[in-house]
Amino acid sequence: MNLRVPGPTPLPPEVRQAVSGAMINHRGPEFRELLGAVTAGVREVLQTSNDVLFLTTSGTGGLEAAIVNLLSPGDRVLAVTVGAFGDRFAEIARAFGAEVTVVEAPWGRAADPLAVEEALERVPDARLVLVTHNETSTGVANDLATLGEVVRAHRRGGYPLLLVDAISSAGAMPLFADDWGCDVVISASHKAWMAPPGLAMLSVSERAWAVAERATCPRFYFDLRRARHLAARGETPWTPAVHALQGLRAALARMRAEGLDAVYARHRRVAHRMREGARALGLELFADPAHASNTVTALYVPEGKDGEALVAALRAQGVIVAGGMGPFRGRVLRVGHMGYVDMADIDGVLRALATAVA
Ligand SMILES: *Cc1c(COP(=O)(O)O)cnc(C)c1O
């Protein structure tokens, strides 16, 4: 099977091997060593010297953890959204009592840094800015470097913090968390990290820790202060997803062996092939070409075809893709190409597509 959904993603052989080992004590020396290795590896990929913490949850749990640790109910929050996952981040903030101002771009377009700048001027007391690095529902990558610069230029007295959903970007697209001024970066094991589902990882800046100390939102399982405290002695507050961490360690070793720049270049190449191949089949790309994602390609379902039938026709040929989200359910196909992916996988998708749309 050619699993080409934008998460969970296929596991390389050494990761499959790593996740099938004997269980270990999560409060023993093997675990300490494991946690140390994955923490160093994730730091390297995120290009950060901040704390990196692991939570046993999916990506959405990581987003919720960021909110409950940094929000005080009633705080103003600026949510920059260009699709379903940006909307979800905003919804989580709202659920915990934030006064959310939304800066939207139409689905398929990237966030406009000028619009974000204007919004920050209109809402000068915003405490948090929420940004999606790569919007998986539309196949759009935002210009995080520029958005980070805009937020930094408006920062007074430590606010606003920049919280970044990098769940479908980290490990596949360049991300310089510290240089770009990201206070919290959230990712998840089952996307470009080539590991099984079950882990969210968060980097947390010193500025964010200061806010976390004062924030009044209730939190327990996701209390990052506890996670930081225990991480200092090589443990997690609660029983962690040990096998997912072992898989992640093997995946990080693979990324290091390939080299991060080579990993990013491979993602650029497969994404380019996917887009060009789809165009050659007469399919229309959903995302603005200037901001097309290197980890997921969204395509319009051709006129006269049914989206669900098309997904099924691909499935019958061994290619598993995702459908559209929200208003584009049934009208869009999404092909994931992050993590363990090469040209042959994309060529397989294109061959199946050629048959399915013929
Ligand atoms: C996958 C994804 C999520 C989280 O999804 P989970 O199913 O909770 O892991 C959030 N944001 C983006 C951009 C994603 O791609």
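A residue is termed buried when its relative accessible area is under 20%, exposed when over 50%, and partly exposed in between, with a 1.4 Å probe and protein chains only. The model is predicted, and local features need pLDDT of at least 70, side-chain atom pairs count only at pLDDT 80 or more, and totals for chains, interfaces and linings use all residues. Residues are numbered from 1 along each chain as its sequence is written, and side-chain values use heavy atoms, with hydrogens and water left out.

**View 1. Overall fold of the chain.** Of the 358 residues, 59% are buried. The chain contains 12 helices and 14 strands; these are DSSP runs numbered from the N terminus, with helices (H or I) of at least four residues and strands (E) of at least two. The radius of gyration is 20 Å, close to the 21 Å of the globule rule for 358 residues, so the chain is as compact as a globular protein of that length. The radius is taken over C-alpha atoms, and the rule is 2.2 Å times the number of residues to the power 0.38. Along the principal axes, the C-alpha atoms fill a box of roughly 60 × 55 × 30 Å.

**View 2. The shell around the ligand.** The ligand is surrounded by Ser58, Gly59, Thr60, Phe85, Arg88, Asn134, Thr136, Asp165, Ile167, Ser168, His190 and Lys191, a residue being near a molecule if one of its heavy atoms lies within 4 Å of it. By class, the shell comprises two nonpolar, seven polar and three charged residues. Here Ala, Val, Leu, Ile, Met, Phe, Trp, Tyr, Cys and Pro count as nonpolar, Asp, Glu, Lys and Arg as charged, and the others, Gly among them, as polar.

View 3. Oxygen atoms of the ligand lie 2.5 Å from a polar side-chain atom of Thr60 and 2.4 Å from a polar side-chain atom of Thr136. An N or O atom in the side chain of His190 is 3.0 Å from an oxygen atom of the ligand. A polar contact is a pair of N or O atoms within 3.5 Å. The protein covers 87% of the 380 Å² of accessible area that the ligand has on its own, as given by the Shrake-Rupley method with a 1.4 Å probe. Helices α3 (59-70) and α4 (84-95) are the elements that give two or more residues to this shell.

**View 4. The three-stranded open sheet.** The strand order is β11-β14-β13, with antiparallel pairing; two strands pair if DSSP finds at least two bridges between them. β11 (296-300) and β13 (322-323) stand at the edges with a single partner strand each, so one side of each is left without a neighbour in the sheet. Five bridges join β11 to β14 (residues 332-336) in the antiparallel sense. Thr297 has Val335 of β14 as its bridge partner, and Ala298 stands opposite Arg334 in β14. Four of the five residues of β11 are buried.

View 5. Ala192 lies in the loop between β9 (184-188) and β10 (199-204) and is buried, with a relative accessible area of 1%. Its C-alpha atom is separated by 7.5 Å from that of Tyr340, 148 residues apart along the chain. Ala208, in helix α7 (residues 206-214), is buried at 0% relative accessibility. Ala208 and Gly323 are 115 residues apart in sequence and 36 Å apart in space, C-alpha to C-alpha.

Technical notes. Polar contact = N/O pair within 3.5 Å; in protein donor to acceptor, adjacent residues only side chain to side chain.
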